[in-house]
Amino acid sequence: MSRTLFGRPLRGVAFDVCVSALVVLFTLVTAAAQPGVSAQPGGWPSALVGLAMAVALLFRRGHPSLVAVLVAGLALTQVVAGWGPLAYDVAVLIALYSVVKYADRLRDGMLAGAVAAVGVLLAASQAQTNAAWWAPAIYFGLITGGVWLAALNVRTRRLYVLSLEERAATLEREREAEARAAVVGERARIARELHDVVAHSMAVMIVQADGARLLFDREPETARQAVKVVADTGRQALEEMRRLVDVLREPSPPEPTTGQGAVTPSTEPERRRATVAELPALVGRFRDAGLRVEYVAREVPATLPPGLDLTVYRVVQEALTNALKHAGVGAHATVALGVDDGLVVRVSDDGRGRPPTRPAPSGGHGLVGMRERVGVYDGRLTAGPRTGGGWQVEVRLPLPSTPDPEVIAA
């Protein structure tokens, strides 16, 4: 648990107090010089200047530029009074170091360095030495320049570390956002898949079970056929559910990469997905369920991208399921596939089937799921009642011009 004082880390406050105490010590020791030792020029008035510098240094981290201005002003007072360089002038170097390291803008540190250079010349002109004036100027200049460069180096490293920490935090936030988006996408995919499997199968089973119940005494052979359809549909639904659960249980291995970060195709076998080639079998199952379906396919490409293939299959499956649920057994439905500035899928029914025993529940997610699938491929879906009765679903999907990799809307 980090401890703070006045909103600052306790360690930093303690260090700044020690620095200021060091300046106070230099001031007092020099001011109270013993007899026989040269006393501090200016006496106790100059000691007050040193003490003021020490107090200002307590705030050097939070307000480095202001502290540098205050210390520079006090140093100028020292020069005007003619006291010459004193021991507590180490506070000037500390203030210079602080403004270069902690100031928000490096411009403040450069300005402080220029002022310090002028101060070096003024201090050298008042230095009590037998050497030429330029000798103390070089000495003070080397010390001041070394302090400025050391502060600049520390500042650069500090900002570099802060940038790395900020970059790491940004990457962590991006990873969390991507993970949340992946979870949402996976939940939507599972919901669509479950709806396609369960809704279609349950609709067929309910219609056939109702028909078998009504015809059990009058037409036992027809009733037995309906029960057989119920059993076959249940087995198929169970198989698809097992396949879906197996896919969810399989861990996703990392994709192997080659040089330059390119992703190489995975050698793992891809799970089987429904395709347009299986539409005749799907239509046959609906015919067995009592829907009179006409299937027409003209100029459909022999091969489609896997995701587009699956989308067409699921759209036809959902549209026929809705026709069976709402139009009823005996209704006439048409499934037409063709190419007209893209792939066109049209499923319609006349709405003239035998009314279901119980009204089909509304408010499902079939149309929502179809719109989501079609939207993945920038397609357009229209659904609504026909003029002559019944319902029609039309989907237009753009055909890819090149076999680029795609995202499969499972």
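# Briefing on a predicted chain

E299 lies in the loop between strand 3 (292-297) and helix 9, where helices (H or I, at least four residues) and strands (E, at least two) are DSSP runs, numbered from the N terminus. The model is a predicted one, in which local features need pLDDT of at least 70, side-chain atom pairs count only at pLDDT 80 or more, and totals for chains, interfaces and linings use all residues. Residues are numbered from 1 along each chain as its sequence is written, and side-chain values use heavy atoms, with hydrogens and water left out. The chain contains 10 helices and 7 strands.

**Overall fold and confidence**

- Of the chain's 410 residues, 33% count as buried; buried means under 20% relative accessible area, exposed over 50%, and partly exposed in between, with a 1.4 Å probe and protein chains only.
- Among contacts with a separation of 6 or more, 71% are between residues 24 or more positions apart, a contact being heavy atoms within 4.5 Å.
- The mean pLDDT of the chain is 79, and 82% of its residues reach 70 or more; pLDDT is the predictor's confidence in each residue, from 0 to 100.
- Residues 253-270 stay under 50 in pLDDT, and the model gives this stretch 9 contacts beyond four places in sequence.
- The pLDDT is also below 50 over residues 403-410, a stretch with 24 contacts in the model beyond near neighbours in sequence.
- Where pLDDT is low, the predicted coordinates should not be read in detail.

**Nonpolar cores**

- The largest nonpolar core has 39 residues, of which L291 and L320 touch the most other members; such a core is a set of buried Ala, Val, Leu, Ile, Met, Phe, Trp, Tyr and Cys residues joined through side-chain atoms within 4.5 Å.
- Two or more residues of this core come from each of helix 6 (134-215), helix 8 (279-288), helix 9 (306-327), strand 4 (332-339), strand 5 (343-349), helix 10 (366-376) and strand 7 (391-397).
- Helix 9 gives the largest share of this core, 11 residues.
- Leaving aside residues up to four places away in sequence, L320 touches V283, F286, L291, V293, A333, V335 and V347.
- A second, separate core holds 16 residues, including V19, A54, A75 and I94.

**Salt bridges**

- The structure holds 7 salt bridges, each defined as a side-chain nitrogen of Lys or Arg within 4 Å of a carboxyl oxygen of Asp or Glu.
- One of them joins the side chains of D16 and R60 at 3.1 Å, N to O; D16 is in helix 1 (residues 10-31) and R60 is in the loop between helix 2 (43-57) and helix 3 (64-81), 44 residues apart.
- D16 also forms a salt bridge with R61 (3.0 Å, N to O), which sits in the loop between helix 2 and helix 3, 45 residues from D16.
- D16 counts as buried at 1% relative accessibility, R60 is buried at 4%, and R61 is partly exposed at 27%.
- The side chains of D340 and R396 meet in a salt bridge of 4.0 Å, N to O; D340 lies in the loop between strand 4 and strand 5 and R396 in strand 7, so the pair ties together parts that are 56 residues apart in sequence.
- Salt bridges that share partners join D340, R346, E394 and R396 into one network.

**A buried lysine without a salt bridge**

- K101 is found in helix 4 (residues 90-102).
- K101 is buried yet has no salt bridge, and the nearest side chain of opposite charge, D16, is 8.9 Å away; Lys and Arg count as positive and Asp and Glu as negative, while His and the chain ends are not counted.
- Not counting residues up to four places away in sequence, K101 touches A151, V154, R155 and R158.

**Strand pairing and backbone angles**

- Strand 6 (residues 380-385) pairs with strand 7 in the antiparallel sense over 6 bridges; two strands pair if DSSP finds at least two bridges between them.
- G384 stands opposite Q392 in strand 7.
- The two strands form a hairpin with 5 residues between them, and G389 in the turn has a positive phi of about 105 degrees.
- Most residues other than glycine have a negative phi, and most peptide bonds are trans.
- E299 is not a glycine but has a positive phi of about 55 degrees, and E299 is exposed, with a relative accessible area of 68%.
- D378, likewise not a glycine, has a positive phi of about 55 degrees; D378 is placed in the loop between helix 10 and strand 6 and is exposed at 66% relative accessible area.
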